[in-house]
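Here's a quick briefing to read alongside the coordinates.

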Amino acid sequence: MHHSAASFQLLPGAGTSPVILHVPHSSRVVPDCVRGGIVLDDRGLERELDHITDSHTADIAAGAAAAAAVTPWRFVNGLSRLVIDPERFPDEREEMLAVGMGAVYTHTTHRERLRPEGFDARPLIERYFHPYANAMTGAVEDRLEAAGRAVIIDVHSYPTEPLPYELHADGMRPPICLGTDAFHTPPGLLALAGEAFAGCGGTALDSPFAGTYVPLRYYGKDDRVSALMVEIRRDAYMSEPGGPAGAGLDALSAALAALVDGVQAER
């Protein structure tokens, strides 16, 4: 049985739009066939999902897409990052391997075991990671052909209090963290983001989370692909951990829409 086709969605935007809103961590869905390889009991799994899921970020992206003058594209992961994390390197380049959180997590946010010792991650990588990466690569390729450029805006959130797995937990935790890449984040994109989110309580760069997501085919090679990671502190829009969204969600959607509009208007 092959379910990977349904594990993510590319939601089309305007033909002329270069923007892809990428939402990798919003889902809590863990298929039964994957659940069997996780050692937590059901209560433990729900608790871990509360902490690890960027809850409601798909709703923030949907609100932004609806409000934008020109509709951006959206690439949305339909599965939990406990299945695979599409944003990790699938090899030893990944610094999160140090805490058991490479492309397939072996440990939880609280440094407890998630999968048994000696777990073979390759079937999950083959079944879920590679199809996702290929589809995202294709989405970027399509934007390059249609618009001459591609702008990936990653929509994430992060907890107000650091979790034990974080490697850089001592940094600032602003309402909006903007993750950048030296090659793929041009100053203009960063400036637009600063303006768009100015009313959201303050932004900081690359703290507590740094970097952006660019498909490996283009990573460090093609400057027509730009990227920015937007990390929203969860107390800005939801009850932590894992609770319902609140009043802040609409303002964040509007700010993200303003960023999208700014990008579209650039040239």
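Predicted model: local features only at pLDDT ≥ 70, side-chain atom pairs only at ≥ 80, totals over all residues.

**Helix α5 and its partners**

- Helix α5 spans residues 187-196, and its buried residues are Leu189, Leu192, Ala193 and Ala196.
- Looking down the axis of α5, those buried residues sit within an arc of 100°, so they line one face of the helix.

**How α5 meets α6**

- The two helices pack at an angle of about 145°, and their axes are 8 Å apart.
- Their crossing is right-handed.
- On the α5 side, Leu189, Leu192, Ala193 and Ala196 take part, meeting Ala255, Ala258, Leu259, Gly262 and Val263 of α6.
- Sorted by class, this contact has 8 nonpolar residues, 1 polar residue and no charged ones.

**Helix α3**

- In α3 (residues 57-67), Thr57, Ile60, Ala61, Ala64 and Ala65 are buried.
- Viewed down the α3 axis, they fall within an arc of 135°, so these residues also line one face of their helix.
- Their packing partners are β2 (19-23), β3, β4, β7 and α6.

**Asp85**

- You'll find Asp85 in the loop between β3 (73-77) and α4 (122-147).
- Is Asp85 buried or exposed? With a relative accessible area of 0%, Asp85 counts as buried.
- Its side chain makes a polar contact of 2.8 Å with the side chain of His25.
- Setting aside neighbours within four places in sequence, Asp85 touches His25, Gly102, Ala103, Tyr105 and Phe129.

**Backbone features to check**

- As background, most residues other than glycine have a negative phi, and most peptide bonds are trans.
- The Ser207 to Pro208 peptide bond is cis, with omega about 10°, and Pro208 sits in the loop between β6 (203-205) and β7.
- Glu240 and Pro241 are also joined by a cis peptide bond, with omega near -20°; Pro241 is in the loop between β7 and α6.
- His56, in the loop between α2 (42-52) and α3, has a positive phi of about 70° without being a glycine, and is partly exposed at 21% relative accessibility.
- Asp206, in the loop between β6 and β7, has a positive phi of about 55° and is not a glycine either; Asp206 is partly exposed at 28%.

Note on methods. Residues numbered from 1 in each chain as written. Heavy atoms only, no water. Buried < 20%, exposed > 50% of the residue type's maximum accessible area, 1.4 Å probe, protein only. Helix = DSSP H or I, 4+ residues; strand = E, 2+ residues; numbered from the N terminus. Arc of directions from axis to C-beta. Axes fitted to C-alpha atoms, helices over the stretch in contact; angles between N-to-C directions. Left-handed = near helix turned anticlockwise from the far one by under 90°. Contact = heavy atoms within 4.5 Å. Nonpolar A, V, L, I, M, F, W, Y, C, P; charged D, E, K, R; others polar. Polar contact = N/O pair within 3.5 Å; in protein donor to acceptor, adjacent residues only side chain to side chain.
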